[in-house]
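Open the model in your viewer and keep the selection tool at hand.

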Amino acid sequence: MTGAIAVQDVAVDLGGRRVLDRVALEVERGELVGLIGPNGAGKTTLLRTVLGLIAPAGGRVLVDGRAARPGRSAIGYVPQRHDFAWDFPISVAGVVMTGLTASLRLGRRPRAEHWQAAAEALERVRMLELADRPVGQLSGGQRQRVLVARSLVARPSALLLDEPFTGLDMPTQELLGRLFADLAHEGRAVLMTTHDLLGALDGCDRIALLNRTIVASGTPAELAADRAAWMRTFGVGEDSALLRILKAA
Amino acid sequence: MLTPAQFLADLLNPDLAFLPKALAIAVMSSLICGAVGTFVVLRGMAFIGDAVAHAVFPGLAVAFVVSGNLVLGGTIAGVITAVLVAVFSQNRRLKEDSIIGVFFVAAFALGIVIIAQAPGYAGSLQQFLFGSITGIPDSDLVVVAVTGLVVLAALFALHKEFVTISLDRESARAMGVKVFWFDLALYVLVTLAVVISVQTIGNILVLALLITPAATARLLTDRLGVMMLLGPAIGAGGALVGLYLSWSWALPTGGTIVLVLTAVFLLVWIGRPTRVRELLQRRPGRPARTLVASP
């Protein structure tokens, strides 16, 4: 029996260089897992591999027991906010509807049930009242919630979040952190990359430290006590501010 | 200067039969370019629009030399160049704009070499580069109208896919949307819009029909649907006024249309677009039944 997301001994080569090596990670339904590592550790590459956008050089990725490939509605994906064209003249509801593009056939227009699904997704992230607003007029936190709503509209069983807290103030991070935890505890498998150590330690059910491979994984309490794992992951010494943050946490 | 009434009389004058045909082609081209141009502007594809505009030239030249169908020739050349750009852009060592720069200049050069084989090519070259409102055959009206309808129908049918890949290509790929093929489809539509517009406005200036009306519309609205209506309307209005002014003052038609469109763009830019935008956005909300979540 494997988790909703099962990364089994995966290796990934990009540009002739091994970016991920022997990565093993499972995320169960109902679980929020934080993926933490330094810049260039391969966090986004791992998410892209789970999405089926990158073919692994070794190992395999299973989502709900089936090989990962693009278009599996079982996975919802929330990209980094700067990857999205926020200046595009489209409403919040219009953005959420694009989450159904692949499931609607060519030339088909959305029907009432699709708008209903969009409304439910927006309601879930508490953005329904802004459904008609142009996305360019939203704040950073609202934008993040719109992307989450778009990822939810196809009712996926797993969610992948790529650094959702970047550039957001602390209250907004807390709000989103609670939302992600709730989404997981409703029965989804949620895997989130983040640089926000405190947020991850506070909100995630489990944390995986990644630097080309999974260096360590465990509950926040277990990892907070494992200073060596953090030092190995980030390549820092005993005097690093990172370890002081861990201690304070 | 002619009065509008005199211009109307000239349009109805049987001895000036080319004039209403030129007007019809200019307006149809502007409508189609305005609609396609929406995505060109929103995706920051002005350079590829320029590239496609130039890339159709060898196809037009071949069709001209062999007395073939200009629309077909231009489309084939434009699509071949678009495919070459899409394929060569897969190499990550070079950015897409460099690939476009290589191919569109090469295509244009090929067009010049080919058309030089035609006797009296200088006049033909002038016509291709800057457009001409005389000598438009009736068959071209039909070709432009049918091609335009095909382009608009395709835009309508592929609307949600074009929006999805314009917003965020990585997420579109993750959803299983075939980004490469929809990019190619958009390039083909741009190519078709360019080809049917070359007759009136010329190869050099056709980019203005794609970009300027849509860019002006973008200044006026934050709604994609409104923008897709405003862009063609501004383009068609610019074509009408441009043709009128060029006919009145014996100015080059293509250049005059572009200058009129540019003047409208500048007026909108200098004016207070936020006020107009607010007016355009004051519309009834989406029907409650469509966006009410279950209790």
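Two strands pair if DSSP finds at least two bridges between them; helices (H or I, at least four residues) and strands (E, at least two) are DSSP runs, numbered from the N terminus. This is a predicted model, in which local features need pLDDT of at least 70, side-chain atom pairs count only at pLDDT 80 or more, and totals for chains, interfaces and linings use all residues. Residues are numbered from 1 along each chain as its sequence is written, while chains are lettered from A and ligands numbered from 1 in the order in which they are written.

**Sheet of chain A**

Select A:Gly34, which stands opposite A:Ile207 in β9(A). Now show the whole open sheet, 6 strands with mixed pairing in the order β6-β7-β8-β3-β9-β10 (chain A). At its edges are β6 (75-78) and β10 (213-218) of chain A, each with a single partner strand, so one side of each has no neighbour in the sheet. From one strand to the next the twist averages 20°.

**Interface**

Which residues form the contact between the chains? Chain A gives 30 residues and chain B gives 29 residues, where contact means C-beta atoms, placed from the backbone, within 7 Å. On the chain A side, select α2 (92-97) and α3 (112-124), each of which supplies at least two residues. The largest share of that side, 5 residues, comes from α3(A).

**Chain B**

Colour chain B by secondary structure: it has 14 helices and 0 strands. Of its 295 residues, 48% count as buried (20 or more other C-beta atoms within 10 Å of the residue's own, C-beta atoms being placed from the backbone).

**Core**

Finish with the largest nonpolar core, 167 residues. A nonpolar core is a set of buried Ala, Val, Leu, Ile, Met, Phe, Trp, Tyr and Cys residues joined through C-beta atoms within 7 Å. Helix α2 (residues 18-42) of chain B gives the largest share of this core, 14 residues. Among the residues with the most contacts inside the core is B:Ala193. Leaving aside neighbours within four places in sequence, B:Ala193 is in contact with B:Ile32, B:Cys33, B:Val36, B:Val151 and B:Leu210.

Notes: A residue is buried if 20 or more other C-beta atoms lie within 10 Å of its own, exposed if 12 or fewer, and partly exposed in between; C-beta atoms are placed from the backbone. Two residues are in contact if their C-beta atoms, placed from the backbone, lie within 7 Å. Axes are lines fitted to C-alpha atoms, for helices over the stretch in contact, and angles run from 0 to 180 degrees between N-to-C directions.
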